[in-house]
Amino acid sequence: MIKLDKVVKQFGTQPVLRGISAEFLPGRIYGIIGENGAGKTTLFRCIADLIPYGGNISKPQRLGFLQTNNYFLPKMTGREYLRLLCQARKLPAENLDERNVFDLPLAEYAENYSTGMKKKLALLGVLLQQNELLILDEPYNGVDIQSNMLITAILLELKRLGKTVLISSHIFSTLSDTCDEIFLLREGNFAKHAQPEEFARLEREMVGKTVGDRVGRLSLR
Amino acid sequence: MQAYFRLQVRLLERHLRAWGITPWVAVVLVPLFFFGLGLLLLDRTDYAAYAIAFFCLLALTQLGGRERNFFLRIQFLRQTYWRIRLIENGLYLLPFVLLLLFKGFWALALVQTLVGIAMVFLTGDGLGNWVIPTPFSRYPFEFAIGIRKSWPLLLLAAFLLVMGVRVSNFELSLFAYFVVVFTAMGYYGKPEPGFFVWIHHFTPQAFLRRKLLLAIGNLLVLAIPFLLILMFSFPERYGIILVGLFLGVNYLILMVVAKYTAFPDDLAVTQAILIALGVVVPPVLLVLIPHYFRRATSRLHLYLP
């Protein structure tokens, strides 16, 4: 189980997370939504211990983190990347070609991959690591529609395997297809928390609040 | 962890081959060149030791990049991550420390080792999203970005200047000024994406001239406090200080035009060697700068017809 207890984070004098508390259980998928700059990535980085924060986070020691933009060592092939990620967790890096479900050109340099291919390679690496907790920041971003479907199927399989998955996305439908609960992050806190039967209402609320009269204000006519 | 370092060796081999260098040649020649040049410099002046220590620590800052460290921290367990950082910093430090020890700079070697080990904790997450204010924001982008990345080096330069003035050491004070110049040259070490050139509505010549004027102006803003303090503290050495100013400006011009000779690719090894030659033997600049200016102009025609 992952437990956030009054997690706070600020950059300079600007608070980003203002005392977030929540519990995330095994075998469930949690969606985190919010506007750009709401603090989703910051929250994920706090959970992954990448940046210092206030409050407490209890979590398994081994977690996988798919970042929005993933880092690849220069001149490293896709296969070497996957092998490194497995070896970093003392796991055998076997049958990589067979497990290459996104049909990536593993013999080529990862840095030369397209945006979507980089995302898929990084996701594949996180999956091969057999983490108990997976944090997926925008996994659908820049990925083709076939891979989107595959990612959704993989997420549901992870849930069946009892993993905890935290996922952020700007495409509401991808979350409503997979998540057990969705949290709306606003002004540094979880402003709303919805179960599947409330997803449609949450989406309507968000559209109303986000779109409002803004299109009219553009004076496009 | 062993897998990580084995992979690093393989990647280094690939980089060398991409530059057209056979790995075993590098294994033999790089240590010879490093120790040969280091000993030569240390024989000429003791202050070379400060330069060597400075460049070592400058190289170490590269290992503290945010993205790279996030990657390592995500993939490896905490203990392994710190071990990797410590070993990497140690491997970087070792040849420099050996060189300093060989020439008897015990105290400097110790300080360098301690600072180098402390730099393990440079992991790029310290300042977060805080925007560091610079006087260069109005004129994008090299100095504005560069200062935000290199402010510790500029602080170090200021510290060296203060130390030099306090102990009336002209060479150390002048070296502090050149730290600023070399740091500014570093701002032009990497090419920007082609888009940032393509958006301009200039001829290649006008684009380069504008780049050079901005670079010189910005360098002067950074360097003038150093030069004024030098002039004030060592008025009898004004001739050398003016030569230093002239050289600093020309070093930067060389770096700017050299960047665009290879654009949008990185500088080649031969270009880096020629730049180093220009720095060590300044008369070479008289040939190199006009030559690179012409080559940069023709290269920029691809983006600025």
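View 1. One of the positions to look for is A:Gln10, whose bridge partner in S2(A) is A:Pro15. Keep in mind, here and in the other views, that this is a predicted model.

**View 2. An open, three-stranded sheet in chain A, with a helix packed on it.** The strand order is S2-S1-S4, and the pairing is antiparallel. Strand S2 (14-24) and strand S4 (54-58) of chain A take the edges; each has a single partner strand, so one side of each is left without a neighbour in the sheet. From one strand to the next, the twist averages 20°. Helix H1 (residues 40-47) of chain A packs on this sheet and touches S1, S2 and S4 of chain A. The direction of H1 makes about 60° with that of S2(A).

**View 3. Strand S7 of chain A, covered on both faces.** Strand S7 (residues 164-168) of chain A is mostly covered, with five of its five residues buried. On one side you'll find A:Thr164, A:Leu166 and A:Ser168, and on the other A:Val165 and A:Ile167, all buried. S7(A) also has strand partners. Strand S3 (residues 28-33) of chain A runs parallel to S7(A), joined by five bridges, and here A:Arg28 stands opposite A:Thr164. Strand S6 (residues 133-137) of chain A likewise pairs with S7(A) in the parallel sense, over five bridges. In that pairing, A:Ile135 stands opposite A:Leu166.

**View 4. Where chain A meets chain B.** The contact draws on 18 residues from chain A and 19 residues from chain B. On the chain A side, helix H2 (residues 78-88) gives the largest share, five residues. By class, the chain A residues that touch chain B split into twelve nonpolar, four polar and two charged.

**View 5. A helix pair across the two chains: H2(A) against H1(B).** H2(A) and helix H1 (residues 2-18) of chain B pack with their axes 9 Å apart, at an angle of about 155°. That angle is over 145 degrees, which makes H2(A) roughly antiparallel to H1(B). From H2(A), the contact is made by A:Glu80, A:Leu84 and A:Gln87; from H1(B), by B:Ala3, B:Tyr4 and B:Leu7. Sorted by class, the residues of this contact are four nonpolar, one polar and one charged.

**View 6. Helix H4 of chain B and what covers its buried residues.** In helix H4 (residues 66-75) of chain B, the buried residues are B:Phe70, B:Phe71, B:Leu72, B:Arg73, B:Ile74 and B:Gln75. The cover comes from both chains: it includes strand S5 (63-66) and H2 of chain A, together with helix H5 (78-102) of chain B.

View 7. Helix H2 (residues 23-44) of chain B and helix H3 (residues 48-61) of chain B pack at about 140°, and their axes are 8 Å apart. H2(B) brings B:Gly38, B:Leu41, B:Leu42 and B:Arg44 to the contact, while H3(B) brings B:Ala48, B:Ala49 and B:Ile52. Class by class, that comes to five nonpolar, one polar and one charged.

**View 8. A closer look at B:Tyr50 in helix H3 of chain B.** B:Tyr50 counts as buried because it has 20 C-beta neighbours inside 10 Å. Leaving out residues up to four places away in sequence, B:Tyr50 touches B:Leu172 and B:Phe175. B:Leu63, in contrast, is 13 residues from B:Tyr50 in sequence and 21 Å from it in space, C-alpha to C-alpha.

**View 9. Stepping back to chain B as a whole.** Chain B has 13 helices and zero strands. Its radius of gyration is 20 Å, close to the 19 Å that the globule rule gives for 305 residues, so chain B is as compact as a globular protein of that length. The C-alpha atoms fill a box of roughly 50 × 50 × 45 Å along the principal axes. Buried residues account for 30% of the 305 residues. Of the chain B contacts between residues at least 6 apart in sequence, 72% join residues at least 24 apart.

Key: Residues are numbered from 1 along each chain as its sequence is written. Chains are lettered from A and ligands numbered from 1 in the order in which they are written. This is a predicted model: local features need pLDDT of at least 70, side-chain atom pairs count only at pLDDT 80 or more; totals for chains, interfaces and linings use all residues. Axes are lines fitted to C-alpha atoms, for helices over the stretch in contact, and angles run from 0 to 180 degrees between N-to-C directions. Helices (H or I, at least four residues) and strands (E, at least two) are DSSP runs, numbered from the N terminus. Two residues are in contact if their C-beta atoms, placed from the backbone, lie within 7 Å. Ala, Val, Leu, Ile, Met, Phe, Trp, Tyr, Cys and Pro count as nonpolar, Asp, Glu, Lys and Arg as charged, and the others, Gly among them, as polar. The radius of gyration is taken over C-alpha atoms; the globule rule is 2.2 Å times the number of residues to the power 0.38. A residue is buried if 20 or more other C-beta atoms lie within 10 Å of its own, exposed if 12 or fewer, and partly exposed in between; C-beta atoms are placed from the backbone. Two strands pair if DSSP finds at least two bridges between them. Angles under 35 degrees count as roughly parallel, over 145 as roughly antiparallel, 65 to 115 as roughly perpendicular and the rest as oblique.
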